[in-house]
Amino acid sequence: MIVPNEILRAARAALGMTRAELAHESGVGKRTILRIEQDERVAVRTLQRIQAALEARGVEFMASEPGHGPGLRLPLSVIKRDDLRF
């Protein structure tokens with residue numbers, strides 16, 4: 001599954017990662033990550049490298065389902081329980 005740019009950006013933000021950290025962990029340049037987050041086109045292999053780095057941090061990417069677009073699931077370790085509001 002090729003993860004859309006918006007979902008990659010959301011995963012990085014949810015993990016609290018900087019672009020520099022993601023660049024280092026994925027082997028992709030910071031400028032390229034910025035391009036992705038500005039919804040510019042990049043090579044599929046580049047998206048796969050970023051996806052793999054985010055998955056190594058525990059993110060799970062979910063495919064589209066009827067009536068719903070793709071999404072992501074975060075590891076509990078990044079959720080601050082005192083920040084939850086219901």
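Contact, in these notes, means heavy atoms within 4.5 Å. With that settled, I looked up Q51 to begin with: leaving out residues up to four places away in sequence, Q51 touches M1, V3, L8 and F61.

**Ground rules**

I am reading a predicted model, in which local features need pLDDT of at least 70 and side-chain atom pairs count only at pLDDT 80 or more, while totals for chains, interfaces and linings use all residues. Residues are numbered from 1 along each chain as its sequence is written, and side-chain values use heavy atoms, with hydrogens and water left out.

**Entry: Q51, continued**

I placed Q51 in helix α4; helices (H or I, at least four residues) and strands (E, at least two) are DSSP runs, numbered from the N terminus. Is Q51 buried or exposed? I found it buried, because its relative accessible area is 12%. My terms here are buried for under 20% relative accessible area, exposed for over 50%, and partly exposed in between (1.4 Å probe, protein chains only).

**Entry: the core**

Next I went to the largest nonpolar core, which has 18 residues. A nonpolar core is a set of buried Ala, Val, Leu, Ile, Met, Phe, Trp, Tyr and Cys residues joined through side-chain atoms within 4.5 Å. Which residues have the most contacts inside this core? I noted L8, L22, I50, L54 and F61. At least two residues of this core come from each of α1, α2, α3 (30–37) and α4 (44–56).

I then followed I50 on its own. Not counting residues up to four places away in sequence, I50 touches L8, L22, S26, V28, I33 and I36.

**Entry: helix pairs**

Two packed helices are described by the angle between their axes and the distance between the axes. My axes are lines fitted to C-alpha atoms, for helices over the stretch in contact, and angles run from 0 to 180 degrees between N-to-C directions. Angles under 35 degrees count as roughly parallel, over 145 as roughly antiparallel, 65 to 115 as roughly perpendicular and the rest as oblique.

*α1 with α4.* I read an angle of about 30° for this pair, with the axes of α1 and α4 11 Å apart. That makes α1 roughly parallel to α4. Their crossing is left-handed; the term applies if the near helix is turned anticlockwise from the far one by less than a right angle, and right-handed applies if clockwise. On the α1 side the contact is made by N5, L8, A11, R12 and L15, and on the α4 side by L47, I50, Q51 and L54. I sorted these residues by class and got six nonpolar, two polar and one charged. For that sorting, Ala, Val, Leu, Ile, Met, Phe, Trp, Tyr, Cys and Pro count as nonpolar, Asp, Glu, Lys and Arg as charged, and the others, Gly among them, as polar.

*α2 with α3.* The axes of α2 and α3 come within 8 Å and cross at roughly 115°, so I logged the two helices as roughly perpendicular to each other. The crossing in which α2 passes α3 is right-handed. R19, A20, L22, A23 and S26 of α2 make the contact with K30, I33, L34 and E37 of α3. By class I have five nonpolar, one polar and three charged residues.

*α3 with α4.* Here the axes come within 12 Å and cross at roughly 100°, so α3 and α4 are roughly perpendicular to each other. T32, I33 and I36 in α3 meet T46, L47 and I50 in α4. Four of the residues in this contact are nonpolar, two are polar and none is charged.

I stopped at D39, in the loop between α3 and α4. What is the phi of D39? I read a positive value of about 65°, although D39 is not a glycine. Most residues other than glycine have a negative phi. D39 counts as partly exposed because its relative accessibility is 48%.

T18 lies in the loop between α1 (5–15) and α2 (19–26), and at 40% relative accessibility T18 counts as partly exposed.

My last stop was V78, in the segment after β2. V78 is partly exposed, with a relative accessible area of 23%. V78 and L15 are 63 residues apart in sequence and 6.3 Å apart in space, C-alpha to C-alpha. Leaving aside neighbours within four places in sequence, V78 is in contact with A14 and L15.
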